[in-house]
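This briefing is meant for a reader who is meeting the structure for the first time. Please look over the sequence and the model, and then follow the topics below.

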Amino acid sequence: MRTPLVAGNWKLNKTESEAIELINAMMPGLEKVGGVEKLICPPFIALSSAARLLNASSIKLGAQNMFYETEGAYTGEISPTMLKDLCEYVILGHSERREYFGESNQIVNKKIKAALAHDLIPILCVGENLADNEAGKAADVISTQLRASLVGANIFDGSKLVVAYEPIWAIGTGRSATAEGANRVIRNVVRPILSGIYGAHVGNKIRILYGGSVKANNAKEYFGMSDIDGALVGGASLKAEEFVGIAEAAQK
Ligand code: PGA
């Protein structure tokens, strides 16, 4: 009942012309993939070109970050109203934002509420680091991230929120969490917390993605799991063939 979502997080990669080239390279393959929501999240500077290119396609567009105010003296920031014109989704609370840009759960919470208020679908990223994982604290860390990021964020339709479980030690390292391990965390920790906050009806509709070194050759293992509704893909989303392969793997 949850449509799989395959999302590409391009991070700090591609100039505008390179982005156009990559979209043109992946579009024909992605268009052939049915029953899967396909999403790309290029850098801000490529969003308007991407929006024009994808206009008549089945491929959706998202941003990688956003500020929580709508306007004002916030040099260098991009607001939800600016994004709303161009895209449907926004990645929030990615571990790289938390680590390199000091984003706390409180800041992520403000961003989540601002996105929802402007009809953008947040992809909320949560996940434990290696030390927490080894100390058996993954569930605690994830629980705190989810509860603090979602406090006061009202959702009545589970399709208006996506959560990505990304164990930090598996991002860009080539060291992916096992499909069984990721599924266990999603089933036993992430989903029950969401259902506790929003009720089972809404909670069961929220899509929960896995992220961390997903590639065309391991995607099927993840998508075959009972509770993994898709993937947030970094490195492999920068190669047309890889990303199309991942989207194909999500087809039922
Ligand atoms: P990766 O990145 O696929 O390169 O590990 C995932 C992410 O950070 O969203």
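About 480 Å³ of space lies in the largest pocket, where a pocket is an open set of points on a 1 Å grid over the protein atoms alone, with protein on both sides within 12 Å along at least five of seven lines. The model is a predicted one, in which local features need pLDDT of at least 70 and side-chain atom pairs count only at pLDDT 80 or more, while totals for chains, interfaces and linings use all residues. Residues are numbered from 1 along each chain as its sequence is written, and side-chain values use heavy atoms, with hydrogens and water left out.

**The largest pocket**

- The lining of the largest pocket is made of 16 residues, and those nearest its centre are Lys 11, Leu 12, Gln 64, Arg 97 and Phe 101; a lining residue is one with an atom within 4 Å of a grid point.
- Helix α4, which covers residues 95-100, gives the most to this lining, with 3 residues; helices (H or I, at least four residues) and strands (E, at least two) are DSSP runs numbered from the N terminus.
- Sorted by class, the lining of the largest pocket holds 7 nonpolar, 5 polar and 4 charged residues, with Ala, Val, Leu, Ile, Met, Phe, Trp, Tyr, Cys and Pro counted as nonpolar, Asp, Glu, Lys and Arg as charged, and the others, Gly among them, as polar.

**The cavity**

- The structure holds 1 cavity of 30 Å³ or more, a cavity being a set of grid points where a 1.4 Å probe fits but cannot get out.
- The largest cavity has a volume of about 50 Å³, and a volume is the space filled by probe spheres set on the grid points, which are joined across faces, edges and corners.
- Among the residues that line the largest cavity are His 94, Arg 98, Cys 125, Gln 145, Glu 166 and Ile 171, and the elements that give two or more residues to its lining are α4 and β5.
- By class, the lining of the largest cavity has 4 nonpolar, 5 polar and 2 charged residues.

- Helix α1 runs over residues 16-31, and its 16 residues should span 22 Å at 1.5 Å a residue, which agrees with end C-alpha atoms that are 22 Å apart; the expected span is 1.5 Å times one less than the number of residues.
- At Ala 25, α1 bends by about 30 degrees, and the proline Pro 28 follows within four residues; the bend is the angle between axes fitted to the seven residues ending at a residue and the seven starting there.
- The buried residues of α1 are Ala 19, Leu 22, Ile 23, Met 26, Met 27, Gly 29 and Leu 30, where buried means under 20% relative accessible area, exposed means over 50%, and partly exposed lies in between (1.4 Å probe, protein chains only).
- The elements that cover these buried residues include β2 (37-41), α2 (47-54), β3 (59-63) and α11 (240-249).
- Ile 23 is found in helix α1 and counts as buried because its relative accessible area is 3%.
- Not counting residues up to four places away in sequence, Ile 23 touches Trp 10, Ile 40, Ala 50, Leu 53 and Leu 54, contact meaning heavy atoms within 4.5 Å.

**Helix α7 and Tyr 198**

- Helix α7 (residues 138-150) has 13 residues and reaches 18 Å from its first C-alpha to its last, close to the 18 Å expected at 1.5 Å a residue.
- Its buried residues include Ile 142, Gln 145, Leu 146 and Leu 150, and what covers the buried residues of α7 includes α4, α5 (105-117), β5 (121-126) and α8 (179-198).
- Just after α7, Gly 152 takes a positive phi of about 75 degrees.
- Tyr 198 lies in helix α8 and is buried, with a relative accessible area of 14%.
- Leaving aside neighbours within four places in sequence, Tyr 198 is in contact with Leu 150, Ala 153, Ile 155, Leu 161, Gly 203 and Ile 206.

**Loop residues**

- Lys 14, in the loop between β1 (5-9) and α1, has a positive phi near 85 degrees although it is a residue other than glycine, and it counts as partly exposed at 31% relative accessibility.
- Asp 119, in the loop between α5 and β5, has a positive phi near 65 degrees and is exposed, with a relative accessible area of 51%.
- Gly 172 lies in the loop between β6 and α8 and is exposed, with a relative accessible area of 75%.
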